[in-house]
Amino acid sequence: MKYAPRKVYIKENGSYMELSYKEFCNRRETDRAYADKLFIPVQGCLIETEQAHYIEFYRDKERWRYLKKLDADNSLLSLEAFEGDDDNSIDYIADEAVNVAETVVHRMMLDKLRSALAMLSEDEQKLVNAIFFQELSEREWSNISGIPQKTINDRKRRILAKIKKILEK
């Protein structure tokens, strides 16, 4: 270990018990049960955890390390580079190929649409999913669901009117 943690928390009798790092090392040397225990570092301490949490913690840590490497490899800048008040700040050129306002409006509309779809009943969501996301025709959905095609068409029109009303609020 690169450093000695301030404290070590181990699980005993369903609760955590605090040990000094020296006590922990002594127990680990004398008691073989400590060899199989898993610990994660949190704010300068080691905390015993379950295998699922241990795996998730190190998977997340590895992902952040990978993302930082990608940032460095692609010469990405952090937000701190924009904050300089002095003349040493980097000058930035706007990418005119991307319309930021249009992108923001598009994302806002998608969020609003997602929330509108969440307000639909389960049957309405199934119909919308089949026709608009799975790209099934009304006739194909009729064959799958056993609902007459005319009924599907009527429901689709009512659902679209309902979504439009929600979006206009």
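In this predicted model, Pro-41 has Leu-46, a residue of strand S4, as its bridge partner. The strands S3 and S4 pair in the antiparallel sense, and 5 bridges are found between them. In the hairpin that these two strands form, 2 residues lie between the strands, and Gln-43 takes a positive phi near 50°.

On the other pairing described here, strand S4 (residues 45-49) is joined by 3 bridges to strand S1 (residues 7-12), and these two strands run parallel. Within the chain, Lys-7 stands opposite Cys-45, which belongs to S4. As background, the strands of a sheet pair through backbone hydrogen bonds, and the pairing may be either parallel or antiparallel.

| Strands | Sense | Bridges |
|---|---|---|
| S3 and S4 | antiparallel | 5 bridges |
| S1 and S4 | parallel | 3 bridges |

What is the order of the strands in the open sheet? The sheet has 4 strands in the order S2-S1-S4-S3, and its pairing is mixed. Strand S2 (15-19) and strand S3 (38-42) are the edge strands, each of which pairs on one side only. On average, and with direction ignored, neighbouring strands of this sheet are turned by 30° against each other. Helix H2 (residues 51-73) packs on the sheet, where it touches S3 and S4, and the direction of the helix makes about 45° with that of S3.

Is strand S4 mostly covered or mostly uncovered? Strand S4 is mostly covered, since 4 of its 5 residues are buried.

A contrasting topic is the surface, where Val-100, Val-104 and Met-108 form a nonpolar patch with about 290 Å² of accessible area together. Met-108, one of the residues of this patch, is found in helix H3 (residues 100-118). Why does Met-108 count as exposed? The relative accessibility of Met-108 is 55%, and the cut-off for an exposed residue is over 50%, so Met-108 falls in the exposed class.

Terms used. Residues numbered from 1 in each chain as written. Predicted model: local features only at pLDDT ≥ 70, side-chain atom pairs only at ≥ 80, totals over all residues. Heavy atoms only, no water. Pairing = 2+ DSSP bridges. Axes fitted to C-alpha atoms, helices over the stretch in contact; angles between N-to-C directions. Contact = heavy atoms within 4.5 Å. Patch = residues over 30% accessible without salt bridge, like charges linked within 9 Å, V, L, I, M, F, W, Y side chains within 5 Å. Areas by Shrake-Rupley, 256 points an atom, 1.4 Å probe, with all protein chains shown as cover. Salt bridge = Lys/Arg side-chain N within 4 Å of Asp/Glu carboxyl O. Buried < 20%, exposed > 50% of the residue type's maximum accessible area, 1.4 Å probe, protein only.
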